[in-house]
Protein chains: 2
Amino acid sequence: MNIPSKIVEQAVEEFATLPSIGKRSALRFVLHLLKQDPEDLKGLASAILKLKNDIKYCKQCQNIADLEVCEICANPNRDHSLICVVEDVRDVMAIENTLQFKGVYHVLGGLISPMDGIGPNDLKIEELVTKVSQNKTSEIIFALSTTMEGDTTNFYIYKKIESLGIKTSMLSRGVSVGDELAYADELTLGNSILNRTPFEMSFQK
Amino acid sequence: MNIPSKIVEQAVEEFATLPSIGKRSALRFVLHLLKQDPEDLKGLASAILKLKNDIKYCKQCQNIADLEVCEICANPNRDHSLICVVEDVRDVMAIENTLQFKGVYHVLGGLISPMDGIGPNDLKIEELVTKVSQNKTSEIIFALSTTMEGDTTNFYIYKKIESLGIKTSMLSRGVSVGDELAYADELTLGNSILNRTPFEMSFQK
């Protein structure tokens with residue numbers, strides 16, 4: 001691309017570092033911003049700067065938070081002995097939206113992925129092991145992606161905490177709600193036959 | 001979405017104002033930025049601020065520029081009597097990439113669109129009329145989108161400059177290179193039959 005201004009070009013380069021944003025989309029953003037009020041641009045710029053300066057991570061679960069402890073961990077009505085292990089903040093939000101979980105979370109900040117150079121020490125695994133060995137923990141639920149990396153991470157953590165004798169579980173895998181069987185992949189369909197649930201359970205709320 | 005941090009939420013709101021970016025994509029941007037170095041965030045923020053403070057518009061063609069006059073208008077080798085009228089900067093870049101145009105541009109900054117509340121006075125049409133009536137102009141090429149708004153704008157400008165007796169032209173319309181005829185829409189195909197070109201011209205460079 002032959003951008004006629006160095007300033008615009010630099011802004012395009014910066015926006016193009018965002019995930020799944022190429023130079024074309026970045027240029028659209030920049031041309032859009034050029035048409036906005038200066039105040040709007042200041043708003044965006046200061047929101048970005050605040051991200052680094054003001055954001056905190058919950059001491060207990062590593063979730064993003066405005067205070068030392070996030071809203072979920074600070075809530076006395078939640079079951080603090082039931083811990084759901086997730087990859088990142090988006091998963092916390094997704095599970096919260098289901099309204100089905102009353103425990104607390106532990107955010108790993110990623111998954112073990114040797115291909116991307118991410119090892120166990122890059123994640124908040126030690127913090128989890130320390131937490132569950134020091135506090136009363138009734139159950140650990142693994143809620144990681146059903147990918148190779150997710151399964152590797154599940155297994156690594158499981159091996160670390162196996163000796164503590166804490167109950168562990170993982171999200172059930174099966175056919176998604178609304179899926180047509182003919183289009184389900186064999187692995188999913190095969191698993192959902194092997195792990196079939198008693199029919200009466202489908203009436204439970 | 002139930003974002004557990006006000007700071008993150010505000011950044012998401014800001015990013016979601018960018019064109020074709022929803023809250024989900026905005027959240028992905030923000031979580032990506034949270035993992036970056038503080039220096040990278042400063043780079044993005046300052047590039048955004050610079051857009052408003054430092055960017056200039058070429059006095060002659062309204063193209064974005066770092067100086068008073070853009071590179072194209074400042075180039076003595078270009079034909080300053082041949083003016084190509086375009087909607088925005090992206091169109092200048094697209095035409096420049098073809099290497100087929102040696103004249104200069106005039107950037108309108110939009111198209112007449114009553115539905116969006118954009119009238120002729122919101123665009124740089126007066127500047128164009130003043131320019132072509134004061135300077136020697138051999139030809140005006142209309143290179144606007146082939147939409148209702150583009151055609152309206154073409155016609156509005158044409159009516160304004162008709163009395164000056166300057167030669168005007170517009171981009172040829174027809175079947176795109178690589179298109180299969182069976183999939184071309186009727187309007188395009190009909191036009192390309194009516195405006196068929198002599199066969200020898202297809203050999204011209």
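Student: Okay, which residue in S4(A) is the bridge partner of Val85(A)?
Tutor: That's His106(A). Keep in mind that this is a predicted model.

Student: And how do S3(A) and S4(A) pair up, parallel or antiparallel?
Tutor: Parallel, over 5 bridges. Strand S3 of chain A covers residues 79-86.

Student: What sheet do they sit in, and what's the strand order?
Tutor: They belong to an open sheet of 4 strands in chain A, ordered S4-S3-S5-S6 with parallel pairing.

Student: Which strands are at the edges?
Tutor: S4 (103-107) and S6 (167-170) of chain A, each of which pairs on one side only. On average, neighbouring strands in this sheet are turned by 25 degrees against each other, ignoring direction.

Student: Switching to helices. At what angle do H6(A) and H7(A) cross?
Tutor: Roughly 35 degrees, and their axes come within 10 Å. H6 spans residues 125-134 and H7 spans 148-161. The crossing is right-handed.

Student: Which residues meet there?
Tutor: From H6(A), you have Ile125(A), Leu128(A), Val129(A) and Val132(A); from H7(A), Ile157(A), Lys160(A) and Ile161(A). By class, that contact has 6 nonpolar residues, no polar ones and 1 charged.

Student: Last topic: how many residues of chain B are in contact with chain A?
Tutor: 48 residues of chain B, and they touch 48 residues of chain A.

Student: Which element gives the largest share of chain B's side?
Tutor: H3(B), with 13 residues. Chain B's side as a whole has 29 nonpolar, 7 polar and 12 charged residues.

Note on methods
Residues are numbered from 1 along each chain as its sequence is written. Chains are lettered from A and ligands numbered from 1 in the order in which they are written. This is a predicted model: local features need pLDDT of at least 70, side-chain atom pairs count only at pLDDT 80 or more; totals for chains, interfaces and linings use all residues. Axes are lines fitted to C-alpha atoms, for helices over the stretch in contact, and angles run from 0 to 180 degrees between N-to-C directions. Helices (H or I, at least four residues) and strands (E, at least two) are DSSP runs, numbered from the N terminus. A crossing is left-handed if the near helix is turned anticlockwise from the far one by less than a right angle, and right-handed if clockwise. Two residues are in contact if their C-beta atoms, placed from the backbone, lie within 7 Å. Ala, Val, Leu, Ile, Met, Phe, Trp, Tyr, Cys and Pro count as nonpolar, Asp, Glu, Lys and Arg as charged, and the others, Gly among them, as polar. Two strands pair if DSSP finds at least two bridges between them.
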